[in-house]
Amino acid sequence: MVGRLIAPALLVLGLLLAPAARADWSGDGKGDVLAVGPDGRLLQYRGTGTGGFATATGEPIGAGWGAFTAVFSSGDFSGDGRPDLLARQSDGALLMYRGDGFGGFATGTAEKIGSGWQSFTALLGPGDWTGDGKADILARTQAGALLLYRGNGAGGFLTGTAEQIGSGWGPFTALLAPGDWSGDGRSDLLARTQDGALLLYRGNGAGGFISPYPQVGSGWQGFTALASGGDFSGDGKPDILARNAGGGLLLYRGNGSGGFISPYPEVGSGWQTLRSLMIVSGPGPPPPPPPAVGQVRIQAGLRCTPPGGRLKVNLKIRKRKGRSAPRVRRVVFFVKGGPKKVDKRRPYVARLRIDRPAGQTGRVYARVVFTRKHSKKLRRKTVSRRFVVCG
């Protein structure tokens with residue numbers, strides 16, 4: 001979310017997730033906030049999962065981010081099951097920084113995935129906007145056209161050209177990609193007008209919009225920064241963080257059907273010097289799987305797992321009719337922010353120790369890394385199943 005939201009030197013960007021909160025930057029299953037400080041450091045503010053922060057100060061996780069003219073995310077843009085950050089340089093180069101799923105980066109270097117992006121006045125990560133299971137990017141031109149760049153699910157784009165999906169978006173002073181704001185299971189956009197009205201543009205799940213475009217808020221013109229993209233309050237519904245002129249950070253909880261839940265508490269202060277605010281929220285559904293490996297089923301026990309006990313996970317892979325049998329290289333069993341085990345031989349079984357309080361629920365994942373006949377290209381598919389901690 002770039003544009004005339006505040007003074008030209010200050011950028012405020014939203015971090016996608018859709019249709020519900022998806023990415024969890026720190027790996028603890030709670031909504032976090034990333035921000036660029038006045039010294040250019042990238043700061044991580046770990047959320048408590050209930051609308052607050054674990055500490056009053058941010059944790060530095062990168063340096064030199066002040067030089068970028070835009071920083072945003074489209075969730076898992078690289079296709080490795082972890083959230084990523086995208087950054088635009090002043091020369092228009094678009095870079096991808098792969099997240100490691102635990103509050104840092106997979107590598108210390110960026111990957112260039114595009115060029116010529118310098119003229120766009122807004123960049124958004126709406127998640128899967130087209131309904132093909134892959135993260136996309138939306139960009140606003142100086143003429144006010146809204147363009148769609150379809151992601152290929154592997155850190156690039158399906159084509160080298162964009163599709164225009166809207167016009168007349170130039171007057172908006174802020175654009176947000178909150179995820180599924182309306183509650184219909186599809187990604188939406190929010191747009192702020194010059195007089196402070198907040199409009200809802202519901203996505204149709206196939207690359208376009210559903211009319212009409214109702215007003216869902218007013219009086220938003222005084223905010224100097226808006227951040228959206230996931231569930232910060234922990235109720236499973238997307239929220240918005242709004243910064244006022246005094247540096248106070250207010251929480252606007254979404255009600256899951258296109259509106260808000262009052263009151264709107266202040267959850268932070270002294271934020272006036274921070275740039276590029278981004279909500280990074282979780283947990284949520286796993287990223288869409290890449291090309292099918294066959295019939296894949298995960299079993300994670302039929303009963304609850306005691307706190308500190310071991311969860312037994314079985315993975316079954318069957319050949320899909322009409323396709324060659326997959327050649328499985330390895331299976332990675334894991335719980336986000338918890339244990340992980342790699343298995344390379346059948347039967348694919350893991351016992352993961354679940355160190356969570358009684359009564360909590362979670363998901364256990366199995367990521368299959370495989371190749372096809374006559375191909376050395378590594379492919380991946382991730383499946384999951386819910387578990388419950390006894391208590």
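Predicted model: local features only at pLDDT ≥ 70, side-chain atom pairs only at ≥ 80, totals over all residues.

Biologist: Which ring does Tyr97 pair with, and in what geometry?

Modeller: Phe68. The pair is edge-to-face, with 6.2 Å centre to centre and 70° between the planes.

Biologist: And where do Phe68 and Tyr97 sit in the chain?

Modeller: Phe68 is in the loop between strand E3 (59-62) and E4, while Tyr97 is in strand E6. They are 29 residues apart in sequence, so the pair ties those parts together.

Biologist: Is Phe68 buried or exposed?

Modeller: Phe68 is buried, at a relative accessible area of 9%.

Biologist: How many aromatic pairs are there in the structure?

Modeller: The structure holds 31. Another is Trp117 with Tyr149: ring centres 4.6 Å apart and planes at 35°, so this pair is tilted.

Biologist: Where are Trp117 and Tyr149?

Modeller: Trp117 is in the loop between E7 and strand E8 (122-127), and Tyr149 is in strand E10. That pair links distant parts of the chain, 32 residues apart. Both Trp117 and Tyr149 are buried.

Biologist: Which residues do ring pairs link into a cluster?

Modeller: Trp129, Trp169, Phe172, Tyr201, Phe209 and Tyr213.

Biologist: OK, switching to the fold. How many helices and strands?

Modeller: Zero helices, 29 strands.

Biologist: Back to E6, then. What is the strand order in its sheet?

Modeller: The order is E4-E5-E6-E7. It is an open sheet of four strands, with antiparallel pairing. Strand E4 (70-72) and strand E7 (111-114) are the edges, and each pairs on one side only. On average, neighbouring strands there are turned by 30° against each other, direction ignored.

Biologist: How many bridges between E5 and E6?

Modeller: Five. Strand E5 covers residues 84-88, strand E6 covers residues 94-98, and they pair in the antiparallel sense. As an example, Asp84 has Arg98 in E6 as its bridge partner.

Biologist: Now further down the chain. What is the order in the sheet with E28 and E29?

Modeller: E26-E25-E28-E29. Again four strands, an open sheet and antiparallel pairing. E26 and strand E29 (379-388) are the edge strands, each pairing on one side only. The twist averages 20° from one strand to the next.

Biologist: How many bridges join E28 to E29?

Modeller: Ten. Strand E28 is residues 361-371, and E28 and E29 run antiparallel. Val368 has Lys381 as its bridge partner in E29.

Biologist: And what joins E25 to E26?

Modeller: Four bridges, between strand E25 (residues 327-334) and strand E26 (residues 340-343), again antiparallel. Phe334 stands opposite Lys340 in E26. E25 and E26 form a hairpin with five residues between them. Gly337 in that turn has a positive phi of about 75°.

Biologist: What about Thr305: where is it, and what does it touch?

Modeller: Thr305 lies in the loop between E23 and strand E24 (310-318). Thr305 touches Arg310, Leu311, Ile354, Val388, Val389 and Cys390, not counting residues up to four places away in sequence. Thr305 counts as buried, because its relative accessibility is 4%.

Biologist: You mentioned E23. Which elements have the lowest and highest mean pLDDT?

Modeller: Strand E23 (residues 295-299) has the lowest, at 60, and strand E10 (residues 146-149) the highest, at 98. For the chain, pLDDT averages 85, and 87% of the residues score at least 70.

Biologist: Last topic, the chain overall. What share counts as buried?

Modeller: 55% of the 391 residues. The accessible surface comes to about 16,300 Å², with 49% of that belonging to carbon and sulfur atoms.

Biologist: And what share of the contacts join residues at least 24 apart?

Modeller: 51%, among contacts between residues at least 6 apart in sequence.

Note on methods. Residues numbered from 1 in each chain as written. Heavy atoms only, no water. Pairing = 2+ DSSP bridges. Helix = DSSP H or I, 4+ residues; strand = E, 2+ residues; numbered from the N terminus. Axes fitted to C-alpha atoms, helices over the stretch in contact; angles between N-to-C directions. pLDDT = per-residue confidence, 0-100. Buried < 20%, exposed > 50% of the residue type's maximum accessible area, 1.4 Å probe, protein only. Contact = heavy atoms within 4.5 Å. Areas by Shrake-Rupley, 256 points an atom, 1.4 Å probe, with all protein chains shown as cover. Phe/Tyr/Trp six-rings, centres within 6.5 Å; stacked < 30°, edge-to-face > 60°.
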